[in-house]
Amino acid sequence: MDTPQTRESPSPAWPTLNLVERGALREVLIHGPLPRAEIARRLGVSRANLTRVTRNLLEHGLIVEGATEQRAWTGRPSELFEIAPTARHFFGVKLTGDTIFATVTDLGAHEIATAEEPIVSRASDDVAAQIGGIFTAFTERFDDIVAGGVCVAGDLTQNRKVIVDSPFLGWKDVPLARMLTERLSIPIATENDVRALTATEHWFGAGAGCSSLGLITVGAGIGLGFVIDDRLVTGAHGRAGRLDHLEIDASGPVCANGHRGCASMYLTNEAIARGIDGPEIDYPGAVELARAGHPGAIRAFRKAAEALGKVIATLANSIDPEKIILTGDGLAVWELASADVRAAIDKTLIPSSAPLDLDVQPFQFDEWARAAAVLGIRTVLRF
Ligand SMILES: [Zn+2]
């Protein structure tokens, strides 16, 4: 029996793990406490092999033996393995055009600490230096931060090492992952923010356990991410999932790309506010007007809802997911016009499709920074 729950000299560094050890850790991260036999079954390895694996993970302080569950067929207790709550920490940063949102999580992606600073200068070296300062402050409280991530709105190269284009920051071809890995002396990954959020939902959120999953965010932009057969899809050029320019209305207004009536002209927060006849208002004002029953505002949200339903169903038609998660800070469209979203889904979904499992998840802005920390967790597990 493995009982090394106390370690003589815990090393804060991330240990070298083999493929099966990483796989076992991932199973416990995604599915919660599991008995050894179940982990072995999921990985397709022998129980003897897995005993070695769990012993190593226990010795590294990455898992603990938790509660026991009765085995139905023998009545004997079976110990469950779970993530050690204090097993290493991870650093995450979400960059917007004007703010650095930072967090520290544990291996289970629970947020332990957060920080927020306005960006002093958008020059990439200056932003890297500012992130370095936040990281140093965190290391005074956490001496075992082993990896991290940064997520931004925008395009990255297919290998996700270079931020090709991030309009809010005005960045072109910034190798931020390398710059920060050198500066912080821990591996730092970078990723598109919606893909980072999709990966987080796939391991730690509403999509945990789904092998195929779609995620749509509504807000300042329309974001799409998806997982097919347990793999986060990036695309050959890092640009998979651009349904924000799906045609909704061939007689609609023209977007910056020259499309007439595409989803981006109806569904973004700005488009909704702009689509209301009358005095110029911002998005919170548009939500307020619609909640108060203003016909023009309701019309704008219903048009946004039609676009959203079409985007959701097109994603479902394309990837056949187990579920689609809808989230973001523009969820008022769901609150105000969910019947229109449903109607557009029904109209667009191929009739022979499986019923669509749409999971609407309330959104908090700190989810982005947490998703960036999960990039660090995926990095050490080499996913
Ligand atoms: Zn467009």
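**Note on the predicted model: sheets, hairpin and helix packing**

1. In β11, G148 has I188 as its bridge partner, and this pair belongs to the parallel pairing of strand β7 (residues 145-152) with β11, which runs over five bridges. Two strands are taken to pair if DSSP finds at least two bridges between them, while the elements themselves are DSSP runs numbered from the N terminus, helices being H or I with at least four residues and strands E with at least two.

2. On provenance, this is a predicted model, in which local features need pLDDT of at least 70, side-chain atom pairs count only at pLDDT 80 or more, and totals for chains, interfaces and linings use all residues. Residues are numbered from 1 along each chain as its sequence is written.

3. The pLDDT (the predictor's confidence in each residue, from 0 to 100) averages 91 over the chain, and 95% of the residues score at least 70. Where pLDDT is low, the predicted coordinates should not be read in detail.

4. The strands β6-β5-β4-β7-β11, in that order, form an open sheet of five with mixed pairing. Each of β6 (111-118) and β11 (188-192) has a single partner strand, so these two stand at the edges with one side left without a neighbour in the sheet. Neighbouring strands of this sheet are turned by 20 degrees against each other on average, direction ignored.

5. Helix α6 (residues 193-204) lies across β4, β7 and β11, and runs at about 105 degrees to β11.

6. A separate open sheet has three strands in the order β8-β9-β10, with antiparallel pairing, and its edge strands, β8 (155-156) and β10, each pair on one side only. Within it, strand β9 (residues 163-166) and strand β10 (residues 171-174) are joined by three bridges in the antiparallel sense; I163 has V174 as its bridge partner, and D165 stands opposite K172. The hairpin of β9 and β10 has four residues between the strands, and there G170 takes a positive phi near 70 degrees.

7. The axes of helix α8 (residues 283-291) and helix α9 (residues 295-319) come within 7 Å and cross at roughly 110 degrees, which means that α8 is roughly perpendicular to α9 (65 to 115 degrees counts as roughly perpendicular, under 35 as roughly parallel, over 145 as roughly antiparallel and the rest as oblique). A286, L289 and A290 of α8 make the contact with A297, I298, A300 and F301 of α9.

8. With 25 residues, α9 reaches 36 Å from its first C-alpha to its last, close to the expected 36 Å, the expected span being 1.5 Å times one less than the number of residues. D320, which follows α9, has a positive phi near 50 degrees.

Note on methods
Axes fitted to C-alpha atoms, helices over the stretch in contact; angles between N-to-C directions. Contact = placed C-beta atoms within 7 Å.
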